[in-house]
Amino acid sequence: MLELTIYTKNGIKHYMTKIELENVTKFFGGKKVIDNVSISVESGDRTAILGPDKAGKSTLLSLIAGIEKPDGGRIYFDGKDVTRYPPQKRNIGMLVQTFALYPNLNVYENIASPLRARGLTTEEIDREVKEQAKSLGIDDILHHYPYEISGGECQRVATARALVKKAAVYLLDEPFTNLDYKLKESMRVELKRILDKGKGTIILATPDPEEALIFAKTLVFLYDGKVLQKGPIEECYSKPASISVGKYFSKPMMNLIEAPLVQKNKRSVLNISDELQLDVTHLNLPEECVVGLRPHNLYLVKEREGMLTISPTLELQENAGSEMIVRMKLDGSSLTMYTPFVKRLKEKSLRIFVDPCDFYIFSKKTGKFITKYQRG
Amino acid sequence: MVEVRLENLTHSYDGKTNAVENISLTFQDKTANGLLGPSGCGKTTLLSIIAGLLKPTRGRVYFDGRDVTELPPEKRNVAIVFQFPVVYAMSVFDNLKFPLDANTKMSKDEKRKKVLEIADLLDLKPILGQTTTRLGPADKQRVALGRSLVREPSIFLFDEPLSSIEPDKKSFLKTKIKEVQKRLWQTTVYVTHDQTEALTFADNVAVMNRGKVIQFDKVEKLYKKPNSDFVGYFIGFPGMNILNGCLKGDEINLDDFVIKIPENVKFPEHVTEVKIGVRPEDIKVSGEKRRDWIPFKCDVFENLGKDFGILHLTTEHHRIKVKSKLSFSRGSDVWVHFPFQRLHFFDQKGRRITTF
């Protein structure tokens, strides 16, 4: 259905594109926003650029699209240097957070606009527009104007307009960020389903770990303009390279607890809290560690053998309908728990279960990941 | 300390379509209330009418039984916190003091005391001397919140106050808003499209759609006993699955499969067609064939990096989402069980059907 074809003057067709960035650097107002980035996105791959706000995700996409030019480094499409190519020569489809529809054109003409620019015949345009509109469920509003339709419908129109181009590369810049949560719930799977039918190379920039996990096979973790980790996404999830990756590749954010190593009776003990001390003699850890624990790995009941208890105090219970996020304090530091159900917590003092095997241990000094806890 | 009563409110901006239509609601004194709905549902319009920023086309607004429909905002003793924090380019202290400046009854010391009290409540003391121009959105919002608090309003209105706040500061601000609510206990109305915010800050939530209030109820009830398929879908992540079926004897026929009706369950007589609501967390799945379980095919498994993911399953006519600890690959067979006591039933118009 979604055939990814490049239309060129001589009618040559490609199906997908491999993208390579080599030592790409970009400055804005004297500040280095992209810092020596080298990545390679295989043809047909689904890559997520994950990172917190202001990591440089949008800039990186703009560089790939040709909207911005790098101050250093090269960009290759299928081995060809396109660093100096203007955007229109790169055949890229873009879907952005703040999408703008033409207010004076109706939905049909908005979707048709890239095809008109390409000089397709009226019949071809009609067929493409209707097919794309149908697959996104907006074929009944084709004659409405943008101001007459809802925000979610606008998003679908923008999506249809991007997809109708049948580009070889799609860049998605936080396409779900401004959507209602209900629309997000349906759109993220819908878009995945549509894009999965094609074979194009897709790069998604997002601050949301769930979106990245759902969409992508490959992860590029960007922080402060630098790539901190790249690789198969599930591998990165189970082995975050550093504290920053761990923190932001977790929803809600990973709990990080400073834990000094103390010597007790010739054993090395990780002092996580007053009541939680872990013998780590067999792990050979440095003196100062940070223990990372994802919020869904805190439990209200003892789920497995070998679980330990902690007693934090309740700060805020956030009810999300069918799930909840509980903000707590433990010995002065913040702790967050996620549960896939809602239960009203009446007492301020809580009893929480954790499994040490869910602990990610980082070096406080270097910030680097050392190991996951294993029993000796 | 005020009870807010809305009576048959209708408002139209263009004289053709109604942004809100015939809404009657009562927010009890000292309760926290939420207005929740998709964008364009009329929740901000309703809030503006309560604040006096908008005069309704029809209907009345009462504060403690007094008709305030014609009163301008400044005479209603209402405070509003907007999505984009409104602060003046002066120090945090002066921002907080600003609403008191015109008050001639208060002495300078009293004003100072009041400002410090509010600053303490919102942890603003360390930045009292700073000008607001350098503050980030979350800090600005705290200042805006504080400024509306010093006036001691009787009604507190929030219009998406967290939507433009940087993500890493959101939970801190949430904690502060909740604390303010607990300490001061004004009647509050909180407008949001985010179910987490609505269900966290409010005791009672009005779920809105297309200018109408669909259900106004306690937070727990919205989840456990939605009055309509819309509320069932809207509350919870993912929302409730809605499947169409026909009652035939002791079964519900869903074309591709049937669900047996237990002997002790009776539907009202006139009902023949039903919409079955079932929450993604209430469905059981298995990779092996089981007696009386229904065969589905796996379409997508959404890995969320947690102990469960979201499984999308299909039959020829139906598509459901399941919160599942088991993952499956596309196209594989999955057997499904719908526990009958967990099912919700709605009529063709989406209204809840009570079985007996």
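## Contact criterion and basis of the model

Two residues are taken to be in contact if their C-beta atoms, placed from the backbone, lie within 7 Å. The structure is a predicted model, in which local features need pLDDT of at least 70 and side-chain atom pairs count only at pLDDT 80 or more, while totals for chains, interfaces and linings use all residues. Residues are numbered from 1 along each chain as its sequence is written, and chains are lettered from A and ligands numbered from 1 in the order in which they are written.

## Helix packing in chain A

In α2(A), the residues A:Val107, A:Asn110, A:Ile111, A:Ser113 and A:Pro114 meet A:Val157, A:Ala160 and A:Arg161 of α4(A). By class, this contact of α2(A) with α4(A) has five nonpolar, two polar and one charged residues (Ala, Val, Leu, Ile, Met, Phe, Trp, Tyr, Cys and Pro count as nonpolar, Asp, Glu, Lys and Arg as charged, and the others, Gly among them, as polar).

Helix α2 of chain A spans residues 107-118 and helix α4 of chain A residues 151-163, and the two pack at an angle of about 30 degrees with their axes 7 Å apart; that makes α2(A) roughly parallel to α4(A). Axes are lines fitted to C-alpha atoms, for helices over the stretch in contact, and angles run from 0 to 180 degrees between N-to-C directions; angles under 35 degrees count as roughly parallel, over 145 as roughly antiparallel, 65 to 115 as roughly perpendicular and the rest as oblique. Helices (H or I, at least four residues) and strands (E, at least two) are DSSP runs, numbered from the N terminus. The crossing of α2(A) past α4(A) is right-handed, a term used if the near helix is turned clockwise from the far one by less than a right angle, with left-handed used if anticlockwise.

## Helix packing in chain B

Helix α4 of chain B (residues 137-150) packs with α5(B) at an angle of about 10 degrees, their axes being 10 Å apart, and α4(B) and α5(B) are therefore roughly parallel to each other. The crossing of this pair, α4(B) and α5(B), is right-handed. From α4(B), B:Ala138, B:Gln141, B:Arg142 and B:Leu149 meet B:Lys169, B:Leu173, B:Lys176 and B:Val180 of α5(B), and by class this contact has four nonpolar, one polar and three charged residues.

## An open sheet in chain B

Four strands of chain B form an open sheet in the order β2-β1-β4-β5, with antiparallel pairing (two strands pair if DSSP finds at least two bridges between them). Strands β2 (20-27) and β5 (66-67) of chain B stand at the edges, each with a single partner strand, so one side of each is left without a neighbour in the sheet. Strand β1 of chain B (residues 4-11) pairs with β2(B) in the antiparallel sense over five bridges, and B:Leu9 stands opposite B:Ile23 in β2(B). Helix α1 of chain B (residues 43-51) packs on the sheet, touching β1, β2 and β4 (58-63) of chain B, and its direction makes about 125 degrees with that of β1(B).

## Domains

Chain A is divided into domain 1 (19-240) and domain 2 (252-372), with bounds that come from an automatic or database domain assignment, and the C-alpha centres of these two domains of chain A lie 37 Å apart. Chain B is divided into domain 1 (4-224) and domain 2 (231-346). The centres of domain 1 and domain 2 of chain B, taken over C-alpha atoms, are separated by 40 Å, and the contact takes six residues from domain 1 of chain B and four residues from domain 2 of chain B.
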